[in-house]
Amino acid sequence: MVPNYSDSIITPGSRMAKKTLIGDVVQILTSRGIAYAQFTHKHQRFGVLLSIFEGFYEEAPKDFSSVVSGPPTFQTFFPLQPALNEGLFCVVANVAVADRNKPFPTFRSRVIGADGQPGPWWLWDGQKEEMLRRDLTDTEKHYSLRGISSAPLLVERIESGYRPETHSI
């Protein structure tokens, strides 16, 4: 059942989407309530990096800085401008990226071979990749998977309480 959202939220598609900026706080309507993400980085190849923050809200908070000040639950590249233009999500604020979220994050990835067997893990810092010849450490298991998410996948992951450390390829 979809919650009855407060009149204080912005209805997606109710405004023309402006050009996205780092610091934009994105409102994501889910079946569990309102979730928030922040545009924290732009990568030349992968585009907009969204940091997704914990919690569901029944109405928009008065201070978005407090919503996006903690560590993100996960991060993903996402075609934000097209999603805004199509009215799927909307920008509700622009606030400074918290100091803890300013460094570009490290991502992990892995390829599954034609035989169905997983290959080695790779770590990527936005510029260079490193192939690991070992299992991931507990810290590395918390790194988000490198990839670009679709809107349905993003909403599904938010609704399900997705965490990178529980996702293995």
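Contact here means heavy atoms within 4.5 Å. The model is predicted. Take T73 as the way in. T73 sits in the loop between α1 (64-67) and β4. Leaving aside residues up to four places away in sequence, T73 touches I52, F53, E54, R163 and P164. Is T73 buried or exposed? The cut-off for buried is under 20% relative accessible area. T73 has 14% relative accessibility, so T73 counts as buried.

Next comes the sheet. Five strands form an open sheet. Their order is β4-β3-β2-β1-β5, and the pairing is antiparallel. Which strands are at the edges? They are β4 and β5 (90-94), and each pairs on one side only. From one strand to the next, the twist averages 35 degrees. Look now at β1 and β2. They pair in the antiparallel sense over six bridges. To find your place in this pairing, look for Q27, which stands opposite Y36 in β2.

Helix α3 packs on this sheet, touching β1, β2, β3 and β4. The direction of α3 makes about 75 degrees with that of β1.

Which residues of α3 are buried? The helix covers residues 151-160, and its buried residues are A151, L154, V155, R157 and I158. Seen down the axis of α3, these buried residues fall within an arc of 160 degrees, so they line one face of the helix. The spacing follows a general rule. An α-helix has 3.6 residues a turn, so residues three or four places apart point the same way. What do the buried residues of α3 pack against? Their partners are β1 (24-30), β2 (33-43), β3 (47-57) and β4 (74-77). Turn to the other side of α3, and P152, E156 and S160 are exposed.

Both ends of α3 deserve a look. At the start, a side-chain oxygen of S150 comes to within 3.2 Å of the backbone nitrogen of L153. Just after the helix, G161 takes a positive phi of about 75 degrees.

Now the charged pairs. Side chains of opposite charge can pair when their charged atoms come close. Counting a side-chain nitrogen of Lys or Arg within 4 Å of a carboxyl oxygen of Asp or Glu, the model has six salt bridges. Among them is the pair of R146 and E129, at 2.9 Å from N to O. R146 lies in the loop between β8 (129-131) and α3, while E129 is in strand β8, so the pair ties together parts that are 17 residues apart in sequence. R146 is partly exposed, with a relative accessible area of 23%. E129 is also partly exposed, at 42% relative accessibility.

Another salt bridge joins the side chains of R134 and E140, at 2.8 Å from N to O. R134 counts as partly exposed, at 40% relative accessibility. E140 is buried, with a relative accessible area of 7%.

One more of the six salt bridges pairs K102 with D99, at 3.2 Å from N to O. K102 is partly exposed, with a relative accessible area of 47%. D99 counts as exposed, at 63% relative accessibility.

Terms used
Residues numbered from 1 in each chain as written. Predicted model: local features only at pLDDT ≥ 70, side-chain atom pairs only at ≥ 80, totals over all residues. Heavy atoms only, no water. Buried < 20%, exposed > 50% of the residue type's maximum accessible area, 1.4 Å probe, protein only. Helix = DSSP H or I, 4+ residues; strand = E, 2+ residues; numbered from the N terminus. Arc of directions from axis to C-beta. Polar contact = N/O pair within 3.5 Å; in protein donor to acceptor, adjacent residues only side chain to side chain. Pairing = 2+ DSSP bridges. Axes fitted to C-alpha atoms, helices over the stretch in contact; angles between N-to-C directions.
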